[in-house]
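Here are a few notes to read with the model open beside you. Take the points one at a time and find each spot as you go.

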Amino acid sequence: MPPRPAGSRPTLSLVAKTAGTSVPTVSKVLRGGTDVSAETRAKVMEAVRAVGYVRRAGSKGESPRDESGLSNVLDLVVTHFEGSWANLLTAGVGREAAAAGLDVVLTLAEPHSDWVSRVLRRRTLGVIGTLVDPASPQFGALFAAGVPVVLIDPMSTPPSGVASIGVANWEGGRMAAEHLLSLGHVRMGVVAGHARHLFSRARVDGFRAAADTATVASATVSVAHGGWNRAKAATATHALLDGAPGITGIFACADSMALGVYDALAARGLRIPEDISVVGFDDLPEAQYITPGLTTVRQPSTELGAAAVKLLIELSRSEDGGARPPARMKLATELVVRASTGPVPGTAAPHR
């Protein structure tokens, strides 16, 4: 990448030089132009990410948005549609958008598709991205084009100047551990999501922190990764118990993975909670319907979607074009106790 003077701001010229193309071509890519080859488009988006280019507030000539007023369309960009959590969040986005007189375009951010150009060609109010990686070249192009963006629980740390909203993941993990500790569990396990995802790491870190500061000095935590998938979570549970057979309490970092924990324990002839207690995270409808009912950390999924819409509208209407410090919002989590947790096998429930 060509060097730039210390303290200078990245320019379109620097992006063009880095990508080996022209300034008009860079501008065309950032407007979602169709007459650019896929190879050139990829080079420009990678150059945008590499140099950290972001359109200056007020640079109307570079803005992909119409100057005649705010759009009545917002884009919800997701990595998958499947699952109750995605449905709840989408419902929150849709209801809040409808209340504000906005329509929602649902875009699937498949790894090798050119979804970002379609978004850039639309006169969109802005983008809500959920469970996405803000370090990807596609999101870099959105940031560079000056499109207002709100990220919901991003997989990695958002760039400076980008708004994000999530839930209190660390506190949720802490609550899960404190609940198990209160029931006398000291040998505990965690079935986590992907190791690189911020929200998974926060849940695990919160759980560990509670165990590390517990009055019971012998409290231990073993971790296996289940990748947000029921079948993988079952495999991770078997690995967890094979490595630490004395575990009496398991925290699954998502309710979908808790189902896999249930599967694995059933396959091993272990009862919930008589032999092993289980805590989930999400409070999806499935948590109430499975047997026994799942004790879980509730995150306000529908409210999260609605809050993201409100934040996006606020950003898009800001007089300074969103140049003010970005919002970093967190919604509270809470423990919902059901029948999947109980005292350590062979003991009475501790006095609380």
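1. Let's begin with Trp 228, which is partly exposed at a relative accessible area of 23%. Please bear in mind that this model is predicted. You will find Trp 228 in the loop between strand E7 (220–225) and helix H9 (230–243). Its phi is near 60 degrees, a positive value in a residue other than glycine.

2. Asp 283 also has a positive phi, about 65 degrees, although it is not a glycine. Look for Asp 283 in the loop between E9 and H11. Is Asp 283 buried or exposed? Its relative accessibility is 16%, so it counts as buried, given that the cut-off for buried is under 20%.

3. Now for two cis peptide bonds. One runs from Ile 272 to Pro 273, with omega near 0 degrees, and Pro 273 sits in the loop between helix H10 (255–267) and strand E9 (277–282). Another runs from Thr 291 to Pro 292, with omega near -5 degrees. Pro 292 belongs to the loop between helix H11 (285–289) and strand E10 (295–298).

4. Next, turn to helices H2 (residues 23–30) and H3, whose axes come within 10 Å and cross at roughly 90 degrees. H2 is therefore roughly perpendicular to H3. By class, their contact has six nonpolar, two polar and one charged residues. On the H2 side are Thr 25, Val 26, Val 29 and Leu 30, which meet H3 residues including Arg 41 and Val 44.

5. Beyond its neighbours within four places in sequence, its contacts include Val 29, Asp 114 and Ser 117.

Terms used
Residues numbered from 1 in each chain as written. Predicted model: local features only at pLDDT ≥ 70, side-chain atom pairs only at ≥ 80, totals over all residues. Heavy atoms only, no water. Contact = heavy atoms within 4.5 Å. Axes fitted to C-alpha atoms, helices over the stretch in contact; angles between N-to-C directions. Helix = DSSP H or I, 4+ residues; strand = E, 2+ residues; numbered from the N terminus. Parallel < 35°, antiparallel > 145°, perpendicular 65-115°, else oblique. Nonpolar A, V, L, I, M, F, W, Y, C, P; charged D, E, K, R; others polar. Buried < 20%, exposed > 50% of the residue type's maximum accessible area, 1.4 Å probe, protein only.
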